[in-house]
Amino acid sequence: MAETINEVKFSDAAMAEIQRYISHYPEGRQKSALLPILHIAQAEFGGWVSPEVMDKVAEILNIKPIEVYEVATFYTMFNLKPVGKHVLEVCRTGPCCLRGADQMIDMIKQKLNIEEGETTADGMFTLKPVECLASCGSGPMLQVRELYYENIDSEEKLDQFLEMMRNKEHETPTWAK
Amino acid sequence: MGIKILTEHINVPGIETLEVYRKHGGYKSVEKALKTMSPDEVVEEVKTSGLRGRGGAGFPTGMKWSFLAKPEGVPRYLVCNADESEPGTFKDRWFMEKNPHALVEGMITSSYALGANTSYIYIRGELLFVLRILEKAIAEAYAAGLLGKNILGSGYDLDLHVAPGGGAYICGEETALLESLEGKRGNPRNKPPFPAVKGLYASPTVVNNVETIASVPWIVNNTGAEYAKVGIGRSTGTKLISASGNINNPGVFEIELGVPVEEFIYSDQYCGGVWKGKQLKAVVPGGSSVPILPANLILKTAAGEDRLMTYESLSDGGFVSGSMLGSGAFIVFDEDQCIVRNTWNYARFYHHESCGQCSPCREGTGWMEKVLHRIEYGHGHQQDIDLLVSVAKQIEGNTICPLGDAAAWPVASAVRHFRDEFEWHIKHPKEATAPGAVYRGQLAEITA
């Protein structure tokens, strides 16, 4: 059992960031750092959290694995299955739709030939419609990892965006720099 | 444009750095409060100011603070609610991104007033890029002796941390937020006990919105009495309004409470009018959970008075003909927007975001989404309209937290004010589902 868990190894930078978050909470309240750690884990391990990764997180926090599972399954930002290189988190909520988000989502489906929740055959994009991202004045918009891409209000801008993403590597998280 | 309490320096280049922020009077309230005022005196100023919670509920902040229990030897916490997730609302994100030190300053001064030695800013997980900006500002404040031990030699200690959420609207509800901050699912707690008695780690806790906390430094610097002079009646001070939808100038505007709604929509200082020269159809004035109003009722009350941007005026007429200021998320609909589709969209949102704890909300939001979906897609039945009203009624008031009400109100109000549009969808499914089709029968009546 211990050997299986040991296969998941956070980088030194990630472990330092994890320890920094744990230090923000009172003695014995280390579980409070669970959400920040899940974000770090997702950035470390390809954009999703596997059961093995969650078990490792439980071990680090000295809590039961179920306490990690129940949280990871509650919050929509944590992907529980493998995803493409770029997860397109497109806002589908009312205010963005007033400015054309529905049409943008349809165009993405057509252009990438995928449905919601699917990944392109080349593993480049996953389409994941999400609820309001607090960018209602600059919709239609979407998020990829930590960055917002706003005012994508024409087919031309969408094409430019997709082309840019195809050639883009992920930003290194601040803590790993 | 009126007085700027929150945004006077927001466009100054470099304002996100401690150096520039201090050059423009930043952290004066920390100096004044910690060195010349007792915590209770700060609370009194906030009470006098009439400041009300800017997250949506509008509860008087000073009163909320005065409810905080102070048992001996038990830590107290201040938690900033930066989980801004109400559809239509983006003011807090904009404010923190541009002027992070203003929130940090508010957190220090407010924590001092409440006797908290550890405080947290809980920010929605999608805003990790804003979390980085805040953490940078906090690090600068520590280095300058504005956080940590013995702040400015006053003997007061404060640690301030930022904690991210994970993508859950419900965590904007204060007890769900506290659960989440403790590393759990965001299930709201039963009240009582209220957070003021048992909050974070079962200790007395105050949870305040970003804008609320950011208003405190001005009140401390200028007195609560001066703050109370701004605005109208019980709507004191200024409010950040997130303006979105079919307008020419979407964005965040700081307004003095009391600006007429008509001026807010049509003036170039604010929304700049409905885009593309189109007619105004409806407005949701306070975020997706408040009632939608048709154009005639948003511009004037049922009694024919000009509607103002205040807590009282926007709710004039109750839910029969009024709405709410809420979080100040002003969503504008032009004549080409379909109310049925929008109501379905909101219903889907609330169904998606229900935590599932209370049956009326968990089941009811699903039913509303399903029924609205079939009306929108041409499969509605005549009795569906009354079914929607009935489901909404059975959710309202029957849940632990206000998400149930927030889900019920947009549906109930859309049916109340746009019933003929729902009927048209049901009676004429072919026309209604044609691409770009919109019901226009009401426009003449709405604008009359």
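What follows is a chat about a predicted model with chains A and B.

Student: What sort of model is this, and which pLDDT cut-offs apply?
Tutor: This is a predicted model: local features need pLDDT of at least 70, side-chain atom pairs count only at pLDDT 80 or more, and totals for chains, interfaces and linings use all residues. Residues are numbered from 1 along each chain as its sequence is written, and chains are lettered from A and ligands numbered from 1 in the order in which they are written.

Student: Start with chain A. What is its mean pLDDT?
Tutor: The mean is 95, and 97% of the residues of chain A reach 70 or more. pLDDT is the predictor's confidence in each residue, from 0 to 100.

Student: Where does pLDDT stay under 50?
Tutor: Over residues 1-5 of chain A. The model has 4 contacts beyond four places in sequence for that stretch. Two residues are in contact if their C-beta atoms, placed from the backbone, lie within 7 Å.

Student: How many helices and strands in chain A?
Tutor: 8 helices and 4 strands. Along the sequence the pattern reads α-α-α-α-α-β-α-α-β-β-β-α. Helices (H or I, at least four residues) and strands (E, at least two) are DSSP runs, numbered from the N terminus.

Student: What does the C-alpha trace of chain A span?
Tutor: About 50 × 35 × 30 Å along its principal axes. Of the 177 residues in chain A, 39% count as buried. Buried means that 20 or more other C-beta atoms lie within 10 Å of the residue's own; exposed means 12 or fewer, and partly exposed is in between, with C-beta atoms placed from the backbone.

Student: Which domains is chain A divided into?
Tutor: Domain 1 (2-72) and domain 2 (86-166). Their C-alpha centres lie 29 Å apart. Domain bounds come from an automatic or database domain assignment.

Student: Now the interface. How many residues of each chain are in contact?
Tutor: 34 residues of chain A touch 45 residues of chain B. On the chain A side, helix 3 (34-44), helix 5 (65-72) and helix 6 (94-98) each give two or more residues. Helix 3 of chain A gives the most, with 5 residues.

Student: How do the residues on that side of chain A divide by class?
Tutor: 19 nonpolar, 10 polar and 5 charged. Ala, Val, Leu, Ile, Met, Phe, Trp, Tyr, Cys and Pro count as nonpolar, Asp, Glu, Lys and Arg as charged, and the others, Gly among them, as polar.

Student: On to chain B. Which domains there?
Tutor: Domain 1 (18-227), domain 2 (238-334) and domain 3 (339-447). The C-alpha centres of domain 1 and domain 2 of chain B lie 28 Å apart. Their contact takes 14 residues from domain 1 and 16 residues from domain 2. Helix 5 (residues 91-98) of chain B gives the most to the domain 1 side, with 3 residues.

Student: And the classes on that domain 1 side?
Tutor: 4 nonpolar, 5 polar and 5 charged residues.

Student: In what order do the 5 strands of the open sheet in chain B run?
Tutor: 8-7-11-9-10, with mixed pairing. Two strands pair if DSSP finds at least two bridges between them.

Student: Why is one side of strand 8 and of strand 10 left without a neighbour in the sheet?
Tutor: Strand 8 (251-256) and strand 10 (293-294) of chain B stand at the edges, each with a single partner strand, so one side of each has no neighbour in the sheet.

Student: What about strand 11?
Tutor: Strand 11 (residues 329-334) of chain B runs parallel to strand 7 (residues 238-245) of chain B, joined by 4 bridges. B:Ala243 stands opposite B:Phe330, and B:Gly245 stands opposite B:Val332. Strand 9 (residues 280-284) of chain B runs antiparallel to strand 11, also through 4 bridges. There B:Ala282 stands opposite B:Phe333.

Student: Is strand 11 mostly covered or mostly open?
Tutor: Mostly covered: 5 of its 6 residues are buried.

Student: Which residues touch the most other members of the largest nonpolar core?
Tutor: B:Val79, B:Tyr122 and B:Val332, out of 180 residues. Helix 18 (residues 403-427) of chain B gives the largest share of this core, 10 residues. A nonpolar core is a set of buried Ala, Val, Leu, Ile, Met, Phe, Trp, Tyr and Cys residues joined through C-beta atoms within 7 Å.
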